Amino acid sequence: MDQTLWYKDAVFYELSVRAFKDSNGDGHGDLRGLTEKLAYLQTLGVDCIWLMPIYPSPLRDDGYDIADYYNIAETFGTLDDFKTLIKEAHNRNIRVITDLVLNHTSDEHPWFKASRSDRNSPYRDYYVWSDTDQKYQDARIIFLDTEPSNWTWDEKTGQYYWHRFYASQPDLNFDNPKVQQEMMDIARFWLDLGIDGFRADAVPYLFEREGTNCENLPETHTYLKKLRAFMDENYPGRILLCEANQWPADVRPYFGDGDEFHMGFHFPIMPRIFMALKKGRADDMIDILNRTPAIPENCQWCIFLRNHDELTLEMVTEDERQWMWAQYAPEPRMKLNLGIRRRLAPLLDNDRRKIDLANSLLFTLPGSPIIYYGDEIGMGDNIELPDRNGVRTPMQWNAESGAGFSQATIQSFYAPIIDDQVYGSSRVNVEFQRKDLLSLWNIIRHMIAVRKRHHAFGRGEIEWVDCQNDRIAAFGRTHEGETILVLHNLSDAKQRVSLKIKGSVKSLTDLLTQKAFPFDNGNFDIGLDPYQYLWLK
């Protein structure tokens with residue numbers, strides 16, 4: 001099997017280094033702490049870690065506002081610590097990808113400081129400046145809750161600068177060849193340190209053109225193909241993962257002819273998994289996957305249930321958004337921008353049946369799954385914290401007062417540990433769950449192990465199966481002669497499934513439990529308990 005396509009079968013794990021494990025007792029997670037926990041990730045079955053930004057940053061956007069692309073923030077350690085992490089991860093057959101923030105820098109970056117110091121600065125043209133804030137009026141404002149405009153006035157030089165996110169994150173000017181080259185040089189630096197690729201942040205916004213919405217422009221694709229060609233030539237087997245929060249038809253061009261991104265997040269399937277669980281019907285999921293175009297053979301979708309951002313509702317209709325807010329964000333503080341700032345377990349009422357089912361969908365629908373740190377144990381959130389920080393709290397390793405995250409005094413933690421009666425670390429932690437064979441952690445670990453034995457999940461086609469019951473999400477995954485029938489009861493009531501099975505098969509076996517289900521004359525009839533799921537071979 002082609003090893004350069006490793007990402008097709010991989011299980012990814014997104015983590016915040018700050019939140020994972022503190023090795024030196026300062027209340028902040030760090031690279032040495034993460035290195036200590038690689039055995040944990042290996043046991044869980046993780047193939048690739050995605051690290052949120054670890055660069056020096058004023059942290060106005062949790063590190064996505066970068067002040068130095070060539071270094072590690074002091075709180076996380078040193079470049080030598082990073083090299084050790086890569087080496088130890090590779091020794092455990094775990095790959096590591098990092099965030100590459102192409103679109104913008106921090107306003108504290110030396111480039112921007114020079115750019116705003118003087119209109120004649122050689123760095124002036126590294127950013128997008130204008131005498132008026134009326135340009136590019138068709139571009140939407142992404143952070144609606146905080147930003148009144150995509151332009152901010154700079155008093156010293158008497159012009160406006162352009163930003164698609166916070167005003168503290170000025171956009172780089174990709175019409176400047178020097179900016180394009182700087183980003184290639186930055187990519188080379190980290191690839192030379194041994195990383196296995198990048199999750200490229202906010203790629204639709206690199207260029208601006210009047211009369212457009214300034215997203216997904218042809219110039220953007222031309223540049224990204226250059227970046228891919230550079231990686232293919234010099235670093236074969238490393239990957240580019242595209243963050244483009246767009247409809248599938250709009251993400252499709254980011255794969256090119258297999259010569260742009262290796263992977264792309266499938267944003268719209270995610271809210272529809274939550275719709276399906278609330279409505280008890282599969283039609284929203286079926287519709288969006290039927291609207292998803294085919295992608296080149298060497299490309300792969302990436303799917304997720306939750307991540308470090310709000311549960312985005314950009315890729316739903318206005319009616320669906322209002323319905324999702326009513327169902328999943330009944331309190332005003334649960335909303336953020338066009339989304340919901342909750343973790344997976346609270347969203348699903350901490351109901352293990354729903355959480356298990358959602359993970360079953362994650363591991364069986366087309367694409368490579370990403371687990372968000374802490375979701376494998378059902379961690380809670382803290383909606384009292386500002387912005388998206390409520391889903392970025394310390395990892396809960398054990399029931400000690402510091403949750404096994406840090407030996408520091410609780411007051412010096414970068415964020416408070418969850419300590420409520422339901423999700424507090426005294427109840428929800430890794431140590432307890434590893435000992436309990438029926439825990440969420442052990443169920444997910446088992447799903448990952450089974451998934452890895454069957455390439456139909458990572459590489460196979462999907463075909464929806466009509467089982468005469470819209471409460472059931474039924475689909476086949478087929479690859480190189482292997483077919484797996486996956487059944488999910490999305491409802492809170494027992495459901496019957498009736499199917500005609502072709503061929504001479506006399507029984508189906510659930511890959512998760514090894515239980516056999518015999519049937520006669522090709523007639524397969526079975527009852528599924530509320531939220532039950534089966535992976536039948």
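This is a predicted model: local features need pLDDT of at least 70, side-chain atom pairs count only at pLDDT 80 or more; totals for chains, interfaces and linings use all residues.
**View 1. Helix α13 along its whole length, residues 352–364.** The buried residues include Lys 354, Asp 356 and Asn 359, together with Ile 355, Leu 357 and Phe 363. At the start of the helix, the backbone nitrogen of Arg 353 has a side-chain oxygen of Asp 351 within 2.9 Å of it.

**View 2. The pair of helices α9 and α10.** Helix α9 covers residues 269–279 and helix α10 covers residues 283–290, and their axes come within 7 Å of each other, crossing at roughly 155°. Angles over 145 degrees count as roughly antiparallel, and α9 and α10 are therefore described in that way. Where the two helices meet, α9 contributes Ile 269, Arg 272, Ile 273, Met 275, Ala 276 and Lys 279, while α10 contributes Asp 284, Met 285, Ile 288 and Leu 289.

**View 3. Asp 284 in helix α10.** Asp 284 has a relative accessible area of 12% and is therefore buried. Leaving aside residues up to four places away in sequence, Asp 284 touches Arg 272, Met 275, Lys 279 and Glu 320. With one of these residues, Lys 279, the side chain of Asp 284 forms a polar contact of 2.8 Å. Ile 371, which is 87 residues from Asp 284 along the chain, has its C-alpha atom 22 Å from that of Asp 284.

**View 4. Strand β17 and the strands that pair with it.** Strand β17, made of residues 482–489, is mostly covered, since seven of its eight residues are buried. Strand β16, residues 472–479, runs antiparallel to β17 and is joined to it by eight bridges, with Ala 473 standing opposite His 488. The hairpin of β16 and β17 has two residues between the strands, and within this hairpin Glu 480 takes a positive phi near 45°. Strand β22, residues 533–536, also pairs with β17 in the antiparallel sense, over four bridges, and here Val 486 stands opposite Trp 535.

**View 5. An open sheet of three strands.** The strands follow the order β11-β13-β12, and their pairing is antiparallel. Strands β11 (311–312) and β12 (335–336) stand at the edges with a single partner strand each, so one side of each of them is left without a neighbour in the sheet. Strand β12 is joined by two bridges to β13, which consists of residues 339–340, and the bridge partner of Lys 335 is Ile 340 in β13.

Definitions and conventions:
Residues are numbered from 1 along each chain as its sequence is written. Side-chain values use heavy atoms; hydrogens and water are left out. Buried means under 20% relative accessible area, exposed over 50%, partly exposed in between (1.4 Å probe, protein chains only). Two strands pair if DSSP finds at least two bridges between them. The expected span of a helix is 1.5 Å times one less than its number of residues. A polar contact is a pair of N or O atoms within 3.5 Å; within protein, one must be able to donate a hydrogen and the other to accept it, and residues adjacent in sequence count only if both atoms are side-chain atoms. Axes are lines fitted to C-alpha atoms, for helices over the stretch in contact, and angles run from 0 to 180 degrees between N-to-C directions. Angles under 35 degrees count as roughly parallel, over 145 as roughly antiparallel, 65 to 115 as roughly perpendicular and the rest as oblique. Contact means heavy atoms within 4.5 Å.
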